Each structure stands twice: as C-alpha cells, then as structure tokens.
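This briefing is meant for a reader who is meeting the structure for the first time. It begins with the chain as a whole and then turns to single places within the fold.

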Amino acid sequence: IVSPKMEWFTKRYGEGTWFYGSGKMTIIAFSLEEYGTLLEGLADGDDRARYVLRNTLYYHYWRYPSETVSQNEYVSLKDKLYSEPVLTQMISLDPDFIQYVPTKLPFYVNLAKLAVRKKGSAIQYVDAKTREEKELIMVAIENNPGSYRELPEYFKSDKDISYLAIKLSGWNYKFLPKSLKSDRDIILLATSTWGLALLEAP
C-alpha cells in the first residue's frame with residue numbers, strides 16, 4: 001500500500017526509497033507538515049509510512065523526544081502521535097513498542113492486549129496494573145505457553161490459566177502449584193501432550 005498522501009515522499013526521495021536501515025534515517029529531517037502526513041499515512045495502514053516512521057519518528061518523538069525535537073514540535077504533533085490508529089499500527093509493527101505508550105490513554109488496555117497477542121514476551125513492557133489482568137495473562141500464554149513458568153503463584157493457582165497452559169504444553173505440568181497437580185482432569189490433559197507428566201504427579 002502506498003497512498004496518494006505519500007506522493008511528496010516519492011518526489012523527494014525516489015520511488016525505491018524505503019529506508020530500512022536506521023543509519024541512513026538519522027540524516028533525514030522531515031518538516032512538521034511531512035511528519036503529520038506520515039502519521040496520517042500510518043493511521044491508514046500505508047506500508048511506506050510504517051517503515052519510515054519505524055526508523056525515524058519512533059526514536060525522535062516517542063523514545064527520545066527531549067533530545068531530538070523542540071517542545072513546540074512535540075506539542076504540535078502530540079494528538080496524532082498518541083491517536084489509537086497510529087499506536088495500533090506501531091504496535092502491529094513492533095509489539096515491544098507498548099513500553100512507550102502512556103498508560104493513561106483510554107485505549108491502553110486494548111493496545112496492551114494487541115501487543116501481547118502479537119508477541120507474548122511483550123507483557124514484560126505492559127504496566128504493572130494491566131499486567132495483573134487475567135485476560136491479558138491468558139492472551140500471553142496463548143501466544144507463548146512457556147511464559148506460564150514465569151507467572152506468580154497466585155496466577156498459577158487459577159485453574160483456568162493453568163488448564164490453558166497445560167492444554168497448550170503438557171510440560172507446564174512441572175510448574176503447577178501442588179494444589180492442582182493432583183487434579184485428575186489436568187493430569188490427563190498433561191499426559192496427552194507430555195507422557196512424563198505421570199512421573200511428576202503426586
């Protein structure tokens with residue numbers, strides 16, 4: 001996808017310019033108007049806008065704003081920077097980007113779920129309060145069953161969470177709390193994908 005909004009980019013840098021490498025991007029300076037157009041393109045799912053912003057705006061405006069842009073520039077683009085469509089595109093491109101998303105945004109939880117759904121380990125970058133939500137934990141396990149072993153004991157004691165983890169990987173039986181290891185349904189489920197689970201049973 002290359003939208004008409006990006007025609008200025010093609011004229012300025014050429015049709016084949018995609019800027020995958022971060023080194024080349026550090027010498028490119030876009031005007032505020034151009035950055036605004038890039039953000040609009042990103043919200044529309046424009047592929048070129050996604051890659052350009054991933055290698056410039058990502059660092060200049062979200063990660064190191066105080067070091068790379070003036071306060072006036074930052075404020076003038078703030079509404080676009082933190083709009084749900086833009087942040088959704090950024091997280092789709094890089095789930096770890098959730099670490100730069102303000103937790104006070106009304107759609108933060110939805111973005112956190114998207115990040116974890118795309119990449120289970122991104123849960124480490126989700127704010128502590130949201131990370132405690134059962135639904136988010138289950139999304140993380142669906143994406144990466146191995147993440148179960150790192151959960152606090154009170155989550156492992158939740159039968160729904162443990163059942164899902166065992167269903168996806170019988171090996172997780174090793175990390176079950178004692179209160180669930182004798183559960184017949186869980187033992188049968190675990191042995192269906194990991195025969196050695198019987199050796200771990202009490």
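Two residues are in contact here when heavy atoms lie within 4.5 Å. In this predicted model, residues 24 or more positions apart account for 45% of the contacts in the protein chain with a separation of 6 or more. The protein chain holds 16 helices and zero strands, and of its 202 residues 47% count as buried.

**The largest pocket**

- Helix α11, which spans residues 134-143, gives the most to the lining of the largest pocket, with three residues.

- N110 has its place in helix α9, and because its relative accessibility is 46%, which lies between the limits of 20% and 50%, N110 counts as partly exposed.
- Although N110 and L136 are 26 residues apart along the chain, their C-alpha atoms are separated by 9.7 Å.

**V126, in the loop between α9 and α10**

- V126 has its place in the loop between α9 and α10, and it counts as buried because its relative accessibility is 2%, which is under the limit of 20%.
- V126 and Q99 are 27 residues apart in sequence, and their C-alpha atoms are 6.3 Å apart in space.

**Aromatic rings**

- A pair of aromatic rings is described by the distance of the centres and the angle of the planes.
- The count of aromatic pairs in this model comes to three.
- In one of them, the rings of F97 and Y100 have their centres 5.7 Å apart and their planes at 55°, so the pair is tilted, the angle falling between the limits of 30 and 60 degrees; both F97 and Y100 are buried.
- Y154 and F155 form another aromatic pair that is tilted, with 4.8 Å from centre to centre and 40° between the planes.
- K156 lies over the face of Y148, at 5.7 Å from the ring centre.

**I166 in helix α13**

- I166 is found in helix α13, and with a relative accessible area of 0%, under the limit of 20%, I166 is therefore buried.
- Not counting residues up to four places away in sequence, I166 touches N172, Y173, L176, I186, L189, A190 and T193.
- I166 and L188 are 22 residues apart in sequence, and from C-alpha to C-alpha they are 9.9 Å apart in space.

**S179 in helix α14**

- S179 is found in helix α14, which covers residues 178-181, and at 55% relative accessibility, over the limit of 50%, S179 therefore counts as exposed.
- S179 and K156 are 23 residues apart in sequence and 9.8 Å apart in space, taken from C-alpha to C-alpha.

Terms used:
Residues numbered from 1 in each chain as written. Predicted model: local features only at pLDDT ≥ 70, side-chain atom pairs only at ≥ 80, totals over all residues. Heavy atoms only, no water. Helix = DSSP H or I, 4+ residues; strand = E, 2+ residues; numbered from the N terminus. Phe/Tyr/Trp six-rings, centres within 6.5 Å; stacked < 30°, edge-to-face > 60°. Buried < 20%, exposed > 50% of the residue type's maximum accessible area, 1.4 Å probe, protein only. Lys NZ or Arg CZ within 6 Å of the ring centre and 35° of its normal.
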